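Keep the structure in view while reading.

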Amino acid sequence: MSASAGSSRLKRMTKRTEFWIFLVLIVMCIFIQARSGGQLFTANTIVTILRSMCVDGMFAMICLIVMVSGGFDLSFPAVAALAYSLATTICLNNGWCQTNPIAGFVLSIIIGAVLGMLNGWIISNFKLNTMIVTLGTQTFFTGLSMGLLKMKEITSTLPAGLASFGKWALFTVKVDMNGRELSYDMTGMFIPFVIFCIVTSFVLNKTMFGRALYAIGGNETSAERAGYNVKRIKFILYTVVGAASGFVGMVRVCMARQSIPKAMIGKEMTIIPAVILGGASIFGGEGTVFGTVCAVAIITVVSNSMLLIGIDSYWQDFFNGLIILVGVTVSAVQAMRRNK
Amino acid sequence: MSEYLLEMKGICKSFAGVRALDHVNFKVRPGKVMCLAGENGCGKSTLVKIISGVYTRDEGEVIFEGQPVTKITPAEATRMGIQVIYQDLSIFPNLTVMENLAINSEITAGVKFVNRKRWEETAKEALSKIGYNIDLYAKMGELSVADKQLVAICRALLFNAKLIIMDEPTTALTKKEVDALFTTVRQLRDSGIAIMFISHKTEEIFEISDDVCIMRNGKNVYSGLTSELTPDQFTYYMTGRELTNDRFEPKNISREPVLKVDQLTLPGNYENVTFSLRKGEILGITGLLGSGRTELALSLFGLNNPKSGTITLNGSQVKITSPMKAQKLKIGYVPEDRLTEGLCLQQPIADNITLASLKRLSNALGILKHQDILDDAQIWKEKFSIATDDVRKFASTLSGGNQQKIVLSKWLSNDLDVLILNGPTVGVDVGAKQDIHALVHELANEGLAVIIISDDLSEVVTNCNRVIVMKEGRIVGEMDGDQVTEDNILEIIR
Amino acid sequence: MMKKILAGLLTVAMAATMLTGAITVSAEEAADTPTIAFVPKVIGQPWWDHVQEKVEEWGTENGIEVMYQGPSDTDATAQVKIMTDLVNQGVDILCFSPNDPNACEAICKEARDKGIIVIATEASGMENVDYDIEAFDEAGLGAFLMDQLAAQMGEEGQYITMVGSMTMESQNNWADAAIARQEEAYPNMELVPDKRVADDSDAEKAYELTKELIVKYPELKGILGTGSFDAPGAARAIQEMGLTGQVFAISVAMPLEVKDYLLDGTLGSVALWDAGLTAQAMLNLGVKLAAGETVESGADLGVEGYNDVQIDGTVVVGQGQIAITTENVDDFGF
């Protein structure tokens with residue numbers, strides 16, 4: 001490869017948001033490592049942070065593919081909450097999931113898919129703004145869960161199969177701290193997270209469905225003219241996203257060993273900004289798995305290090321707000337440059 | 001084998017009882033450029049959509065390569081070799097050139113997975129069709145309009161296109177880019193492809209087309225060889241009326257200049273610009289793209305502050321630092337891109353007309369007087385014969401020419417001394433163009449000082465009694481009266 | 001098809017109606033025993049099932065039947081409707097725990113105008129009641145939590161406080177009271193510089209915070225929570241990190257949620273109050289008032305934790321906080 005080709009590749013790389021977000025992540029980690037007296041890059045902290053990333057990371061993948069298609073899904077936390085609440089309740093009432101979590105997951109995925117289908121049906125048939133539709137369904141699903149179905153908190157009575165699945169550890173890190181022997185479990189839920197990332201990346205980059213999402217996000221009319229069945233693609237997208245939300249919700253139930261119908265409220269307000277920060281455009285058509293993972297890592301590292309570096313937890317909100325502003329500004333500036 | 005690639009006979013199409021196409025006949029010859037001309041709303045796009053299979057015809061006969069075609073679907077049209085390049089080019093600005101080139105054929109092939117290598121080969125093949133060279137990995141959105149257009153053409157060629165329909169391809173192009181596009185069009189024509197070129201620009205049509213089909217109100221009023229038509233006949237067929245190309249004769253020029261610009265300089269934009277303007281004059285400022293003409297205009301309206309030099313207005317020296325200041329000094333500006341800079345399309349016509357004079361139309365507390373706004377708008381509607389039945393309708397419901405009239409009236413509804421028009425008839429069809437020109441003449445004769453900035457030389461020549469030619473930021477020539485001719489200007493510009 | 005749906009809907013509606021008015025123990029009119037009604041926030045829910053049990057137990061002991069009626073849902077309107085029916089029936093004593101104190105004011109005023117004795121609980125701020133009994137006061141609960149934690153920590157070592165959120169007033173007041181108690185009684189205990197963390201009322205967050213705290217403060221020995229998610233979350237972290245017996249946590253919590261941690265020793269105890277006992281104290285107070293007695297601070301309401309109540313205006317405060325340990329974890333059904 002010639003030198004000029006190499007330099008143009010470098011140039012192209014520096015133009016991409018995920019390159020910068022990765023740099024930010026590195027710089028921030030170094031900063032925290034220094035401020036916390038070397039407590040960030042320790043096996044136990046890393047294990048803790050990776051654990052915290054699992055659920056948010058999977059939700060971020062869900063948001064990413066929706067945003068690539070030029071949409072917004074505000075309803076995924078409500079879908080997840082209703083799916084896992086209902087699934088856990090059904091399992092509890094029927095005595096399922098005593099030894100393995102399969103029934104719970106299958107139920108949650110199915111319920112999530114059905115709710116997602118409703119989103120998809122409304123969005124694709126009536127060509128409405130996705131943000132408005134999912135804002136509506138979000139409230140509707142939450143109302144359904146709290147009002148009509150009267151979903152209850154399930155804590156101590158959580159089926160054993162779900163609870164023990166949540167305890168699944170890939171390995172345990174032992175550290176000695178001032179004479180105390182501490183053990184940290186590396187959660188098995190990291191595996192679904194990695195699978196989510198790989199699958200999302202594969203779908204977005206290697207399948208025509210994924211390229212369709214980018215195409216629709218770039219220019220919906222053109223995508224239609226190019227021969228994509230945009231209506232069908234959107235329907236499938238929201239159905240899959242609903243099913244995935246149901247799955248992720250169930251993972252969280254297992255990890256937290258409790259099913260709290262209200263636990264997901266407001267989740268979209270931390271996940272969507274993270275995805276935007278990771279390079280997804282609020283206007284659609286842009287965004288990568290790598291950038292999104294980096295952004296989720298930044299947010300998780302910061303929120304997990306507030307205590308370590310001695311920052312008041314009030315600042316967490318300040319920081320989240322800052323991320324929204326930075327992410328949205330970057331996204332808007334990029335779109336402006338693109339359309340010039 | 002028929003002499004014609006595509007023949008359409010007696011095509012009719014109605015929407016909700018309104019007849020959009022009324023027994024339209026036309027023929028496309030292979031290896032020829034055919035122009036489909038007509039004013040906005042004459043049924044051109046409906047006809048294109050019938051050819052490309054988006055709409056189904058109500059009656060009529062379609063014959064493609066000698067074979068009658070009963071029903072056309074978009075997929076069928078593609079298979080037959082019909083490709084439409086829409087005005088927006090149907091590209092994906094967020095994807096690379098390679099992806100833009102290959103994605104359509106991949107979708108048509110019905111594959112499920114992405115094969116980078118095959119995409120790249122497809123893209124290279126597409127580019128090779130017209131010998132066009134561009135970075136395959138560049139983001140589409142970062143290309144110029146001309147490059148985007150070439151990519152769109154290459155993409156169309158991948159489908160073994162026999163007929164390429166180009167919907168107003170020259171709208172956003174500079175003269176130079178238009179020339180380049182025409183070279184490509186001729187190249188395609190010579191390789192045996194039929195081109196259907198949709199336009200309303202007289203000069204372009206005469207330059208590029210072999211055949212022409214002119215439509216008016218859903219009927220085709222002329223089809224035949226372009227060479228058998230004169231520009232005047234062409235305009236007549238388009239608009240249905242005889243248009244007089246009256247040159248502007250100043251009748252009412254003031255003795256003292258209203259505006260004097262002395263040694264105005266903004267490095268990188270323009271340098272040492274000196275000129276004066278009297279009431280009743282129409283001054284043309286022309287030059288190629290990048291000659292500094294637009295930058296100068298923006299400076300006069302407070303949008304591009306000059307570094308040095310002076311501006312004198314009615315005898316006193318002024319600094320124009322913002323559009324607000326310019327308005328206060330009774331300077332009006334009508335931008336080049338009327339759609340993005342001059343109009344709120346999703347707002348009522350009345351609100352658009354009165355936008356710059358709200359101060360006059362509100363009471364002491366700043367509360368708007370709605371009836372006054374409507375009355376004001378009504379006056380301008382009549383004065384400019386804006387084609388609408390209700391000024392409360394959205395500006396987007398109007399055609400380009402009428403939109404331009406709104407932008408003009410927006411500024412004129414305030415009492416002005418100087419009116420700057422930047423490319424006042426870009427994208428406006430020929431009938432509306434005449435109306436606008438006549439109006440500007442009238443305004444000048446009523447005592448307004450007008451500056452027209454344009455690269456459309458015929459426009460400059462018909463409308464200006466005096467012309468300044470700019471080149472690379474400097475004034476390189478000035479002429480007035482009979483000296484103002486296209487040849488004289490061209491001589492200086494080149 | 002339509003008929004089937006309609007029939008189904010009707011069945012559901014009827015069932016709901018029946019549940020609302022469900023467990024009615026009709027009182028037999030006796031000349032010298034007062035008619036008493038107890039209206040809980042909701043029926044058919046473990047916390048209130050336990051209260052019902054205690055109310056019925058009291059009825060048997062005292063030979064008075066109590067009407068125990070409540071809405072099937074924590075719905076203020078439905079509750080007010082039940083109270084209105086009871087007032088119109090002409091009960092002598094009305095005990096209740098309001099879903100929405102404001103919504104109950106009107107009917108309570110009407111009841112008192114009719115001469116009915118009205119006794120509430122968890123209704124601080126209500127005007128039209130004879131008395132409002134609260135199981136504990138803020139200082140009492142805070143001190144109680146601290147005493148429990150201190151005992152487990154051996155009265156020495158670092159500790160931190162945890163709340164659901166920094167803006168929840170009562171939880172923060174309890175935590176402040178706990179700190180005050182430590183400063184007064186346990187000089188060898190030390191509050192770490194961060195003082196207080198918030199877990200957003202989420203056990204998962206409490207779990208993560210606990211892990212972080214233990215890294216930041218390797219000497220940390222105690223976590224004093226006031227929200228009901230604090231101890232369950234903290235316990236999970238302590239157990240997973242293998243720190244049982246070295247780090248201790250406590251908070252207000254539901255017994256069954258922490259049962260496993262109590263049994264395996266991760267938690268020594270959690271705090272709670274027995275709403276059943278509060279109910280019994282309310283009934284005793286009502287009977288006293290009906291008999292024409294008056295009560296003042298220091299009065300004995302004849303129930304454990306209410307032997308020496310403090311009275312300020314219409315508010316009666318007991319020491320009803322109890323420790324939940326392996327001994328009594330199964331006594332409540334929740």
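The model discussed here is predicted. Two packed helices are described by the angle between their axes and the distance between the axes.

**Helix pair α3 and α4 of chain C**

- Helix α3 (residues 76–89) of chain C packs against helix α4 (residues 101–113) of chain C at an angle of about 5 degrees.
- The axes of these two helices are 10 Å apart.
- α3(C) and α4(C) are therefore roughly parallel to each other.
- On the α3(C) side the contact is made by C:Ala76, C:Val80, C:Met83, C:Thr84 and C:Val87.
- These residues meet C:Ala103, C:Cys104, C:Ile107, C:Glu110 and C:Ala111 in α4(C).
- Sorted by class, the contact between α3(C) and α4(C) has eight nonpolar residues, one polar and one charged.

**Helix pair α7 and α8 of chain C**

- Helix α7 (residues 203–216) of chain C and helix α8 (residues 230–240) of chain C cross at roughly 45 degrees, and their axes come within 7 Å.
- α7(C) and α8(C) are therefore oblique to each other.
- The crossing of α7(C) past α8(C) is right-handed.
- α7(C) contributes C:Ala203, C:Glu204, C:Lys205, C:Ala206, C:Tyr207, C:Thr210 and C:Lys211 to the contact.
- From α8(C) come C:Asp230, C:Pro232, C:Gly233, C:Ala234, C:Arg236, C:Ala237 and C:Ile238.
- This contact of α7(C) with α8(C) has seven nonpolar, two polar and five charged residues.

**Helix pair α4 and α11 of chain A**

- In chain A, helix α4 (residues 76–94) packs with α11(A) at an angle of about 60 degrees, and the axes are 8 Å apart.
- α4(A) and α11(A) are therefore oblique to each other.
- Their crossing is right-handed.
- The residues of α4(A) in the contact are A:Phe76, A:Val79, A:Ala80, A:Ala81, A:Ala83, A:Tyr84, A:Ala87 and A:Thr88.
- The residues of α11(A) in the contact are A:Val241, A:Gly242, A:Ser245, A:Gly246, A:Val248, A:Gly249, A:Met250 and A:Val253.
- By class, 11 residues of the contact between α4(A) and α11(A) are nonpolar, five are polar and none is charged.

**Chain C as a whole**

- Chain C contains 10 helices and 13 strands.
- Its radius of gyration is 22 Å, close to the 20 Å that the globule rule gives for 334 residues, so chain C is as compact as a globular protein of that length.
- The C-alpha trace of chain C spans about 65 × 65 × 35 Å along its principal axes.
- Of the 334 residues in chain C, 48% are buried.
- Among contacts in chain C between residues at least 6 apart in sequence, 69% join residues at least 24 apart.

**Chain B as a whole**

- Chain B contains 17 helices and 20 strands.
- The C-alpha atoms of chain B fill a box of roughly 75 × 50 × 50 Å along the principal axes.
- In chain B, 44% of the 494 residues count as buried.
- Among contacts in chain B between residues at least 6 apart in sequence, 70% join residues at least 24 apart.

**One residue of chain B**

- B:Ile11 lies in strand β1 (residues 6–15) of chain B.
- B:Ile11 counts as buried because it has 23 C-beta neighbours inside 10 Å, and the cut-off for buried is 20 or more.
- Not counting residues up to four places away in sequence, B:Ile11 touches B:Leu21, B:Val24, B:Ile50, B:Arg57 and B:Gly60.
- The C-alpha atoms of B:Ile11 and B:Lys117 are separated by 44 Å, and the two residues are 106 apart along the chain.

**Contacts between chains**

- Two pairs of chains are in contact, and chains A and B share the most contacts.
- In that pair, 17 residues of chain B are in contact with 20 residues of chain A.
- The side of chain B that touches chain A has 10 nonpolar, five polar and two charged residues.
- Between chains A and C, 23 residues of chain A are in contact with 23 residues of chain C.
- On the chain A side, α3 (43–68), β2 (180–187) and α11 (230–256) each give two or more residues.
- β2(A) gives the largest share of that side, six residues.
- The side of chain A that touches chain C divides into eight nonpolar, 12 polar and three charged residues.
- Chains B and C do not touch, and their nearest C-alpha atoms are 38 Å apart.

Key:
Residues are numbered from 1 along each chain as its sequence is written. Chains are lettered from A and ligands numbered from 1 in the order in which they are written. This is a predicted model: local features need pLDDT of at least 70, side-chain atom pairs count only at pLDDT 80 or more; totals for chains, interfaces and linings use all residues. Two residues are in contact if their C-beta atoms, placed from the backbone, lie within 7 Å. Helices (H or I, at least four residues) and strands (E, at least two) are DSSP runs, numbered from the N terminus. A residue is buried if 20 or more other C-beta atoms lie within 10 Å of its own, exposed if 12 or fewer, and partly exposed in between; C-beta atoms are placed from the backbone. Ala, Val, Leu, Ile, Met, Phe, Trp, Tyr, Cys and Pro count as nonpolar, Asp, Glu, Lys and Arg as charged, and the others, Gly among them, as polar. Axes are lines fitted to C-alpha atoms, for helices over the stretch in contact, and angles run from 0 to 180 degrees between N-to-C directions. Angles under 35 degrees count as roughly parallel, over 145 as roughly antiparallel, 65 to 115 as roughly perpendicular and the rest as oblique. A crossing is left-handed if the near helix is turned anticlockwise from the far one by less than a right angle, and right-handed if clockwise. The radius of gyration is taken over C-alpha atoms; the globule rule is 2.2 Å times the number of residues to the power 0.38.
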